[in-house]
Every structure is written in structure tokens, then in C-alpha cells.
Amino acid sequence: MKRFLAVLNARNLEFVRDRSALAWTLFMPFFLIIGFAVIFSGDDKTLYNVGVLNPSAKTIEFLDTKFIHAIEFEEQNIALDKLKHHRLDMVISLGSNNQYWINDSSPNGYLLERILWGTGGKPFTREIVAGEEIDYVDWVLPGILSFNIMFGCLFGVGYVIVRYRKSGFLKRLKATPLKSVEFLLAQMMSRLILMMVITMVVLVGSAIMVDFTMHGSYVLLLFIFLVGSVCMISLGLIVAARITSEELAGGLLNLATWPMMVMSGVWFSLEGTHPFIQYTAQILPLTHIVDASRAVMTEGATFIDVSNHLIVLSVMSVVFLGIGAKIFRWD
Amino acid sequence: MTTIIEINHLVKHYGDVHAVNDLSLSIPKGICFGLLGPNGAGKSTTIEIAEGILEATSGEILYKGKSLDHTFREEAGIQFQATALQEFLTVRETLKMFHDLYEKTMEWDDLVSLCNLDELLDRDNQKLSGGQRQRLLLALALVNDPEIVFLDEPTTGLDPQARRNFWDLVKSIRERKKTIVLTTHYMDEAYELCDEIVIVDKGKIIAQGTPQALLKNHFGDTILQLPDHILSENDANSLGFKFVVRNNWTEIQSDNPDETIKKLIERNIPLAQMRLREWSLEDLFIALTGKQLRQ
């Protein structure tokens, strides 16, 4: 324990005193959140999303209207849930029941209803759902926090260990009684503590600067970030386990982060994307951190609701950590 | 004398390259043991295997009669030739971290004063001079009050004064009856500090003993030096001397200096600038390996 604490303390001091890295980790998410808050403060959406149930039953002129984007759904409750949270503007069933649903607080729903009536949709029965609109900032905030955790953990552990190895510092540690598991746990714990502190600071700062919505539990949210951080750190350890080139480490870490940045639903919903993209996204840890934290923040999801994401992240952590510890090399 | 490290039939191959070839040696406890050799001779590989950093292809290393284990890690201190330290930490914090890695440690004040770090404790690691940095690295090697200390070319890159200061530190450690294993490129350093040396070339030991004994055994004669503009190569040849011309001096190797001087007088060679030079380890090294040490 003494050896673990010694390495943990030294790594913490090193990070906190590296002002440029600290500033980047701390302020980058603020810049993104404020930037998105400014950019998306207007409501100039030009595309209307309509969820379509029983799409093969018939065709209607309404769905061919320009600027209407039809998204097919198999399950009615999923589509209606998205309508409730304004992620869809209307849901229409082309089956024998001839129903459509709009959110009574959605201006887009009101307009789409008029268009539906004007394009031969009068026979459809009107149904109403109620639910607050989720601003884009509210929607994107969990993504940005998760995104910051991903970068902080992968580069903060993976890149640093490769730098230690290249400089010979790991070789020096190898010459001491320090065990590799003690070293790795200290690196993990150091990064975990720092990422949780930074995430809390960003959350508090965001609450002050941007009036975001929080429907769920902050404790559960932080727990998701904790589990997600462990998973990302473990992934970083795999990258850092053997290589000695910082350039290669940078390349591999970018290789790991870019697909997650694009495909994990940080910036935009994967709704309507090709099923292959949606399946692939499920093997990316960031997807589970984003989905779970977003569900807590925007829908008030409980521990049970997000437990599937937590289980996936935990299993990934065990696998990544096992591989990383197995192949780790001091020099 | 008790043996602290025993190396038996050590072999290390890197693909087709045989870095160490069936090398065996014993290091007695409490002495300063020098490992010398040109670059690529296998001395760094040998020392890193002895430190437990590298794995041997075959052969065995015994510390106090046992394979290298946790006890060795606790009781060995190592100063690598090049070690980067963590950034943004002070000397005190770096020492403290390494201090906490060991069960048994040297008294803090003793360690700090031994390595002359009193005034550097709150200085950033990255703001140390070469000599100060080597003193910190030595302190890290001594932090566990080791029984054996490995110093891998500790004075490379230091100015002459810093080198001499470092030698004093090594002598202080030796006075504490610690075993020191030193690799160096500097023959004067080996001569000054080492009680026993081995010279390694092509992965094998080619000489072993005390520096004085090795010189006595290899060189029975004396070196007389004259400037080469006073004693030319032709004159030296015609007088039948065994000689070399080095750095503008003609060096005559003579087992009978009186007879040599008599011949020079007969040839009317002025002797005002003549001087005697002792054989050095550098001479021995060149004689044995045919190479300058840094080749």
C-alpha cells in the first residue's frame, strides 16, 4: 500500500502542476458546452423528423414532402418516447389503425399536422403526447462530459505511460520492489480521482453558466462516469502496455478515439443511421457512457434503467484491464 | 572474501548477435568492482542482466547464493546511465517517492547530506545541472541503504570538477562497506575508484584483477617520452627502440632505462624535455583489445 500511495501521490502532483494539460482538460469541455449553447440557442431547424410505424402497409404523399425525414420504427413505445422528448416531431402509423401522434408543446408537430391534412391525411386519427423539449445543450452536455472523460483517461494514462517508458523512467521503477500491478493501479487511481474532480467542477460550472436540465440523480450520474472512466483507463492501458513510441501511441489513441467521437452519439443522435453503424456503436464504451448519462440527465433514468450500460462497461473494463496487465512491459 | 554476486556461464543473444558469450565472474562483497569494455563489448548487457533488468538467454546470476528475487530488489541500488525523472516534481518529492518504495531505507538526513542535496531539495527536477542531477540519481540508488550499488557510467557528460566531486561520493559509499559495481569509459576513474576490474570484449572477459596487478603483469617496462621533433621516428627506429608516436610525443618502451638513456646521449639527443610516464589502464586496454575505449 505504501508503494502504491507513493506512486499515486507523485503522479497526482505531476498532473496538477502541469498547468497546460490541466487547463486543457478542465476548460475544453466548458468551451464546447458554451459554444454549443450559443450556436444552438436559435431554433432554425429545417428538417422534420417523422417516426413511421408499419411502413410497408401503404405509401402516403405526406412522407414525400420535401424536408420531411421519415424514420422507420418497429416498436410504437420507442417512437412515442422519442416524440415525448422532441427527438421526433411526429409519429405516424401506416397500419390499419391510421393514427398519428404529435407533442402538444412542439411547434414543429403543429406544422407537420397541417401538412399532413393538406396532403390527404385527414382520415388519420390524432393522438397527443406530452413532454418537455430537450434543448440541444441539454442533450449534448452528457456527451461532452463523457467525451472529456474519454480523452482525459485514454491520453492521460496511455500516453503518459508510453512517455515514461520511452524516457527510461519505467525501467528505473522496474529496478525497485514496485510491482507492475501496484504501478498500474496507482496510475489508474490517480487518473480516476482527477477525472472525477474535473467532471464535478465542469458540472458545477455548467450549472452556473448554462441552465441545463437534470431529471435524474447526480450520484447515479457520477457513478456512471466513474465506471466509464475505469473502462476508458483500462483501454488506455492496453495501448500503453508495450509500445515505446509516443508517435505510435498518439496514432493508436486517435484510432481508438475517432470512431467513438463519431459513432457514439456524442454530437448527434444515431437515430436513422444505418443499422451497421448502430450495432457497431454498441461495442464502443463511449456509447454506453453517453447513453447512460444522457438517460439519467434528460429522462431521469434510474440505476435499473441504465444497469445494462453499466454491466457492459464493467465487463469491458475487466477484459481491457486483464489484457493490459497481462501484456504490460516495463521497458 | 564473501561473494555477493556470482555470474555463471552467462549468454545473451539478440538474434544473430552474441552480446555475451559464456561469461562467468564473481564479485566479492564490500569492494568497488569495475566493468570496462569498448562500446558493444557486452558490459552494459552483462550489468543489466546482473541488475535483473534484462533476461539472459542462458546462464545464472546469484545474489548471496540465490537467484535474483524480491530480496535483491530491496537490497540493490541502481543508477542507470540515462534515467528521466517525473516532470514537475521537486528533488524532495522524487526522493520521497523512491523512499516509500522500499521497506528498509537510509536515514533521510544521512542520505541528503551524503549526496550533498541539502540545498537542492525544493528545486524542480528539471532545473538541475548535470552534476546535481547525477547526485540525485545516486541518492535514488542509495535510498534503500543498499548492500550493492550498480553505477552505470555515472560521470559521462560531467565536467572535470563534477566528476571529481562524484568520485568523492563514490569513495564515501565505499567507505561504508557497500559493494559497488561500476561501469565507466574513464580509465582514470576506474583506476581511482576500483579495487578490482574486469575488461570485457566481444562478450568475454579478457582480463581480471586489481588495476595495479594487471598493469604489473602486462607491462614490466618503463615509458620514456620525448617530443617527436627531438626524437624522430627514423632516429627511434635506427636506435632499435620499441616505441609509439602519440600526441606529438615519441614513447619508448624500455625494460632497461639506463641503457636507453645512454644510447640517446651517444646520438646527441637533448634530454632536457625527457619525461617518464607510468603505464595506465588506457594502455592496458589498448594492448588487450586493440581499441580505444570509446570505439
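Colleague: Is the crossing in which α3(B) passes α5(B) left-handed or right-handed?

Modeller: This is a predicted model, in which local features need pLDDT of at least 70 and side-chain atom pairs count only at pLDDT 80 or more, whereas totals for chains, interfaces and linings use all residues. Residues are numbered from 1 along each chain as its sequence is written, while chains are lettered from A and ligands numbered from 1 in the order in which they are written. Helices are DSSP runs of H or I with at least four residues, numbered from the N terminus, and a crossing is left-handed if the near helix is turned anticlockwise from the far one by less than a right angle, right-handed if clockwise. By that convention, the crossing of α3(B) with α5(B) is right-handed.

Colleague: Is α3(B) roughly parallel or roughly antiparallel to α5(B)?

Modeller: With axes fitted to C-alpha atoms over the stretch in contact, and angles run from 0 to 180 degrees between N-to-C directions, α3 (residues 91-99) of chain B packs against α5 (residues 130-142) of chain B at about 20°, the axes lying 9 Å apart. Because angles under 35 degrees count as roughly parallel and those over 145 as roughly antiparallel, α3(B) is, relative to α5(B), roughly parallel.

Colleague: How many nonpolar residues does the contact of α3(B) with α5(B) have?

Modeller: Taking residues as in contact if their C-beta atoms, placed from the backbone, lie within 7 Å, B:Val91, B:Thr94, B:Leu95 and B:Phe98 in α3(B) meet B:Leu136, B:Ala139 and B:Leu140 in α5(B). Where Ala, Val, Leu, Ile, Met, Phe, Trp, Tyr, Cys and Pro count as nonpolar, Asp, Glu, Lys and Arg as charged, and the others, Gly among them, as polar, this contact has no charged residues, one polar residue and, as nonpolar residues, six.

Colleague: Which helix supplies the largest share of the side of chain A that touches chain B?

Modeller: The contact takes 19 residues from chain A and 21 residues from chain B. On the chain A side, α1 (2-17) and α6 (169-174) each supply at least two residues, and the largest share, eight residues, comes from α1(A).

Key: Parallel < 35°, antiparallel > 145°, perpendicular 65-115°, else oblique. Contact = placed C-beta atoms within 7 Å.
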